[in-house]
Amino acid sequence: MELYEKSQTVDPEVRAYIYSLVSAVGGSSTIDDGRYVLGDDAFACLKDLNRWLRLYDEKTNRLDVKRCLAETNFVKNDLLEILAQWPETATEDRLKSKIALACLELLVPLTWPIELEDDRTTINHHRHLPYLQLAQVGYKRAVLQHDTAQMLRAAVRIALPSMALPRSERSAREEGIIKLLLYFIRNIAMISQPQHLPSQGDETEVSRSSTIDAFYDQDVLSLVLAVSSSMGDEFVQQDVVILEILFHLVKGVDVEKLFMDKDQVASADTQELKDLMQKEKAMLAGYAKHAPTRHNRFGTMIWVKRDNDRVSTVTGQGVITGDQTALYKMDASKKWNKPKHRGTKAEESNKANDFSDSVSLTGSARHKLRSFVTDFLDSSFNPLFTHIRKALEREADRVQAIHSRQYFYLVSWFLQADSVRRSSRKPSSIDAEDNSFVYIAGVLNQETFILLNRTLQRSFDEKNWQDLNAEMRCFTRILLTVQEMSMSASEDDQEIAENIQNRIFYEETTHDRVVQILRSYKDQGFGYLDACTELAHVFLRNLERYSKQNVDLQVRSKRRARRKNVAKLAKTTNLTPGEEADANNDGAEEEAEDEVQAFRAARERKFDFARFSARFTTQACVDTFVALTRYYNDLSTEQLKRAHRFFYRLAFRLDSSILLFRVDILHLFHGMIKGLRPLEQESSAYKEWEELVKQVFRRCIKKLQERKELAVEMLFSKIPATVFFLEHGYDREVAKRTPRAPAELEMKSGLGREEQIGVAVSVLINQGKLDALEWVKDVLASAVEERQSWHDAEAAKRSLERSATPDGAETEIADQQNDPKAPSIAVKPKDEDSRIALYKDKHLRLLLKVLDFQRLGLGDDSEASWIVPSSLSVADLRTNLDLIKKYEYDPPTFEEGKPPESFIRSAAAARRTKRAFESDSEDGTSGLDEAAFEPGGPTARPSDAAPKAKRRRLTRRNEGDEIDDEERERRAEARRRKEAEKNDKIKSALRVSALDDESDEEADAVFFALEEERRKKMRGAIRNTLLAEQNALAGGRKKNTSTGNKIGKGKKSTMNLHAGRESDDDDVASADDNYDEEHSSREASARPSSPMRLSSDDGMDRDTPLSSRPSADAEGRAKATLTETSGNKAAAALASDDEGDDVRVARPARRPLRAGFVIDSDSE
């Protein structure tokens, strides 16, 4: 039957091969008194067994070979015996060294911890795993408790020759030997007794204390110190293995007890025993109140009457003492079948990397470990952890996911060890050097903080709760260490602590992360709960202290200013790279300055601690600390104070006690003080909790009297809106944020009205806004109908009035002159989307603007309305509607295949360009007028702008030298004549030569013909302009309104536009007409201006651009002016134009300019 079971477990053929190889390695000799003797081919058999492990178990993902070797007890009976027979003096025996190395090569895979992976686990693993785990515990016991030799020392001797070589001279084989040794030490430290399997010996032989004793006695800890102190110089690839060894040695060890002497440990153990006995006494006292009597043998069964006349049966005499006891027993008898977690928790499958369980050490192990930790902090902490941190940052191949957790846990553990060591020293034995923090400076730099923040966020996002637990412990310990540095007597330490705190608290993302971690607790375990609450408590206290010391604390916020996505615009509109750049300039430059300022304000702002602490006033944060408080009977004094400080801050300092007014929280608080299992009254935290609970209940009763709704809300968690209502009695009024107005668009110059409508319609079609276009058509159709109805009604009304009036002709003339304006038509959006589009859609607003619709209200008023103005006639509205219908189905095409979006620009960008152009013109750098009327090319001369005069006090002599306005005008006129004469001389020198005297009749005839044709064209253009002006004025003039021009009394300065001279020899006189300023401004605003400018110089055809200004040189050369007239002056101008005389058209007075600067009449 036994053979049959073995054949079912492992393949019989594999078992036969392994058994034969094990037998051939060696065995006990009957000749040498039972001593172990190697076989003839022992070395070859060891190599074959190693091949079986690699090629069969590892390749096929099975555990059969390890199972066979465990059944034969190969490690204890063969491998360890071979190493025990290797004398320390046999360093030159190469065969024994090779056999010892072969034994080490087998020990490493046999002691390697077995971890089950979900994607690779088979039934073979589950069949062999319990047996192999118990076998590995036996391997560790045999290694640590060997009778005749020190196995760990023998293993160290194997790798010493390789370690003695410099790193530059080591080969890959020697580096592998060192790794084998370190992995073997790691495996021995990692193996522990499985809790779910029965023990096969004394568990103390494989405990943590026995491991530390063996490591210290066999110089393994000295080896770890040597390798750690040389990390980065002589050793590089071994850092993560040393990290694992340290982790499995110190995890779960109480640091405070580690640095206590014997008396302190005895006192601490005694106090702990007293506390336990006190808890037992309190528990028995509470039980004695309702202890059963001798009559309980009769049994008791009672009915408990509940609501709605329901009755429940409860047994036991304890229930007759009171209603609360009966109800408590009923609650205790209830069983809740909590839904099981359906997913697999990977953390539970690997208990070897769990550090939440505490470990107790013996006195000798504590002394040895304390000596090792002290030496490690003094010599090896900085080089090892700096090297590992660099490996984690660059994600080296040797780094695994578990190493990050081990790194941060060890950092927190050793920082706490350094703190306890520093505080345990006597003040007289402390010198300046020993009290410094240089031994742990390797983890207090900016690189470590960056790595810590990055891994914190990644673990939180990926929900790696065990990793996050270690990182939170590390962060908390760093904060406590920095706090100790700030309280140090050394000024250098205080300065360093100030710098570190500034770096930590500067990032607002760190503040957000602490709050998010506290809110996210659900069921991650007590270790995680303790770590997250401690981090929040320490971070909040340190930040509060630091913000009080630094009133002007600045933090960098994660929020950024909104930027325009030009690439998205280019994608949607198919812009070319050049057009994309133009769009970037037109769109982004509009708010560049404001955006930069907003970006800076969002990046850095002043820190407000009250605002930050208010973020903890949420129900999720309260629930996390309530979950911690539920363990109040098992919490330490420090943990009880931590929860008390949070609730006190919440209820009284932040005035958010309403969050505590929940039935389960109040029941918990009552149970802590007056319940069946209350806090110990002898505890140091009892008085504080008693006062807190009393004040919370007092406030709850007071609030219940004020807000009757609280009686219902006590059953539920509270959202911010509910909290505000319960505090103030009314709902919070949330002010709606006004949306940002879109950028104003306009058409580029050079487009006619029809083309502008076509561009606006095409843009809406390209963007797929057909609904908006259809709505505009409906608005226009409705406006046409409404406007036509109004005109029809007015016409009918006028006809009735004419029929009732005897002098109908005069009434008709008066009606035409007093024709009332049509009322404006309000544009009503059809739905909410249309209303929002009228404000946010800049292209829709551009179409309405092109259609001459008007918007009533400010630019940022989202409720502003649009109207169809009175100036739009029925014909205009019909024309607009027809154009939209035309371009909707037949979009216009443009030159070179340009999209319609290229004809649109930002109005703000256009205004900036115009201002820049005007600024350049005033500075004399524009060059338009100079290029058109250059006297002699570019000349180097001083600026015409008057130099900035020095301020000086006014004296009587200066007062006597002042000149009046007439003298100033006279001098200015003299300077202008002098300038004109100089320009004429320059022009003569440039244009006139000896060849001008030679005459060419044919050329002269062609020239005069062209001049005559140009004169005729000019005469027609002037006539058309004046006729249009006269018609516009006649239509708006009332019957008795005077058409004459009024003469003003003030000073006037006019600017005359240049007209072309009829010939080079004609002398055209310019005259200035004085108008009243009010009349001129009114007429200028009532009629469209004529922007026509014509000039001719010395027979050369030079056309001035319509937008250019007349320069000072042009004024000097121009002898004929064209000025606008109105009313009767227009008719006179037409008559004089027919006779071939020069026509003067008066324009509104403009201030004189010279070299781009305004010349006032009272200053030169």
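**Close-up views of charged side chains**

Buried residues (under 20% relative accessible area, 1.4 Å probe, protein chains only) make up 40% of the 1164 residues in the chain. This is a predicted model: local features need pLDDT of at least 70, side-chain atom pairs count only at pLDDT 80 or more, and totals for chains, interfaces and linings use all residues. Residues are numbered from 1 along each chain as its sequence is written, and side-chain values use heavy atoms, without hydrogens and water.

**View 1. Salt bridge between E244 and R186.** The N to O distance is 2.3 Å; a salt bridge needs a side-chain nitrogen of Lys or Arg within 4 Å of a carboxyl oxygen of Asp or Glu. E244 lies in helix α12 (residues 239-250) and R186 in helix α9 (residues 172-190), so the pair ties together parts 58 residues apart in sequence. Helices are DSSP runs (H or I, at least four residues), numbered from the N terminus. Both residues, E244 and R186, are buried.

**View 2. Salt bridge between K368 and D213.** Their closest N and O atoms are 3.4 Å apart. K368 sits in helix α16 (residues 363-379) and D213 in helix α10 (residues 208-217), so parts 155 residues apart in sequence are tied together. K368 counts as buried at 15% relative accessibility. D213 is buried too, at 16%.

**View 3. Salt bridge between R398 and D239.** The N to O distance is 2.9 Å. R398 is in the loop between α17 (381-394) and α18 (401-424), while D239 is in helix α12, 159 residues apart. R398 and D239 are buried.

**View 4. A network of salt bridges.** D378, D418, R421, R422 and E484 are linked in it.

Key
Buried < 20%, exposed > 50% of the residue type's maximum accessible area, 1.4 Å probe, protein only. Helix = DSSP H or I, 4+ residues; strand = E, 2+ residues; numbered from the N terminus.
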